[in-house]
Amino acid sequence: MAIDVVLEKIITAHEQVALCCDQQQGHREKDFVDVLLSLMNQPMNPQDEHVYVVDRTNIKAILLDMVVAAFDTSATSIEWTFSELLRNPKVMKKLQDELERVVGMDQMVEEKHLGKLHYLDMVVKESFRLHPVAPLLVPHESMADITIEGYHIPKKSRILVNTWAIGRDPSVWSENVGEFYPERFIGSNSIVDLRGHDFRLLPFGSGRRGCPGMQLGLVVVRFVLAQLVHCFSWELPSGIEAKDIDMTEKFGLSMARANHLLAKPSYRLLS
């Protein structure tokens, strides 16, 4: 199976790097794969009568889950964001202007540029506000009776957080809550992050049960969007205006577009 070959190469490469650093007594930052390898063949919860051991196959399965989850949801986020950019040509132009300043017209976007693309960050935040990939976060259960903001929640209540509704609530944001307006994240709202610290914007959940693929997903969404917007100019099919783009949602565990997005690219970078 092709994916098994890829995962095997990733694991082998990490093993070789770790061995080299150990031999040279060098220090390096460990990533997620390194942590999993450090647990390989080590019994989990040795006091438990049911001892569980993580092996190479388990590590591959975990990595596959991480990659598939991040890329599937990322593709949905990219499509929604691109839909909004096509519906809002002024936002598209402003983003292209930022890319021209930061990257230049003689090269493609690289990952090193992402930290300097502040308007891109605002565009992504605004897209997550209006189009969260997971409209309902993973269900939680209250561990005890509690009262929050005047609402009594009995012990063992099943709790669902509706991020779709929060993102479209005018009492949380503003009266133009239905408008795609990245500039709302300028000023005091600039501190609103995507990592679950601000409960107005929770595309990845919050706390220790937040999405483990968050960092990978954010890099993929930003990087792909930057490449598409920077490398190409986009036109809608003949007869379709920006205001006529179908934005119908397909409700489910993830909130994808109900219909495909169609657009025609033309290369815009210097040869």
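**An annotated cysteine and the pockets**

Author: An unreviewed UniProt entry places the feature "binding site" at Cys-211; UniProt positions follow the numbering used here, feature names are shortened, and annotations may be inferred rather than shown by experiment. The model is a predicted one, in which local features need pLDDT of at least 70 and side-chain atom pairs count only at pLDDT 80 or more, while totals for chains, interfaces and linings use all residues. Residues are numbered from 1 along each chain as its sequence is written, and side-chain values use heavy atoms, with hydrogens and water left out.

Cys-211 lies in the loop between α6 (163–167) and α7 (214–231), where helices (H or I, at least four residues) and strands (E, at least two) are DSSP runs numbered from the N terminus. Its relative accessible area is 36%, so Cys-211 is partly exposed; buried means under 20% relative accessible area, exposed over 50%, and partly exposed in between, with a 1.4 Å probe and protein chains only. Another cysteine, Cys-231, counts as buried because its relative accessibility is 4%. A disulfide is a covalent bond between the sulfur atoms of two cysteines. Taken as a pair of cysteine sulfur atoms within 2.5 Å, the structure holds zero disulfides.

On a 1 Å grid over the protein atoms alone, a pocket is an open set of points with protein on both sides within 12 Å along at least five of seven lines, a cavity is a set of points where a 1.4 Å probe fits but cannot get out, and lining residues have an atom within 4 Å of a point. Grid points are joined across faces, edges and corners, and a volume is the space filled by probe spheres set on the points.

At least two residues of the lining of the largest pocket come from each of α3 (56–87), β3 (140–141), β4 (146–148), β5 (151–153) and α7, and α3 gives the largest share, seven residues. By class, that lining has 30 nonpolar, 13 polar and five charged residues; Ala, Val, Leu, Ile, Met, Phe, Trp, Tyr, Cys and Pro count as nonpolar, Asp, Glu, Lys and Arg as charged, and the others, Gly among them, as polar.

Helix α3 also contains Ser-77, which is buried because its relative accessible area is 4%. Leaving aside residues up to four places away in sequence, Ser-77 touches Ser-127, Phe-128, Val-133 and Val-221, a contact meaning heavy atoms within 4.5 Å. Val-68 is in helix α3 as well, but it is partly exposed, with a relative accessible area of 47%.

Between β4 and β5 runs a loop that holds Glu-149, a residue with a positive phi of about 50° although it is not a glycine. With 74% relative accessibility, Glu-149 counts as exposed. Lys-156, in the loop between β5 and β6 (158–159), likewise has a positive phi, of about 70°, without being a glycine, and at 57% relative accessibility it counts as exposed.

The second largest pocket holds about 290 Å³ of space. Its lining consists of Leu-7, Ile-10, His-14, Phe-32, Val-33, Leu-63, Met-66, Val-67, Pro-212 and Leu-216, with at least two residues supplied by each of α1 (2–24), α2 (32–39) and α3. Nine of these lining residues are nonpolar, one is polar and none is charged.

As for the setting, the chain has seven helices and 10 strands, and buried residues make up 35% of its 271 residues. Of the contacts with a separation of 6 or more, 65% join residues 24 or more positions apart.
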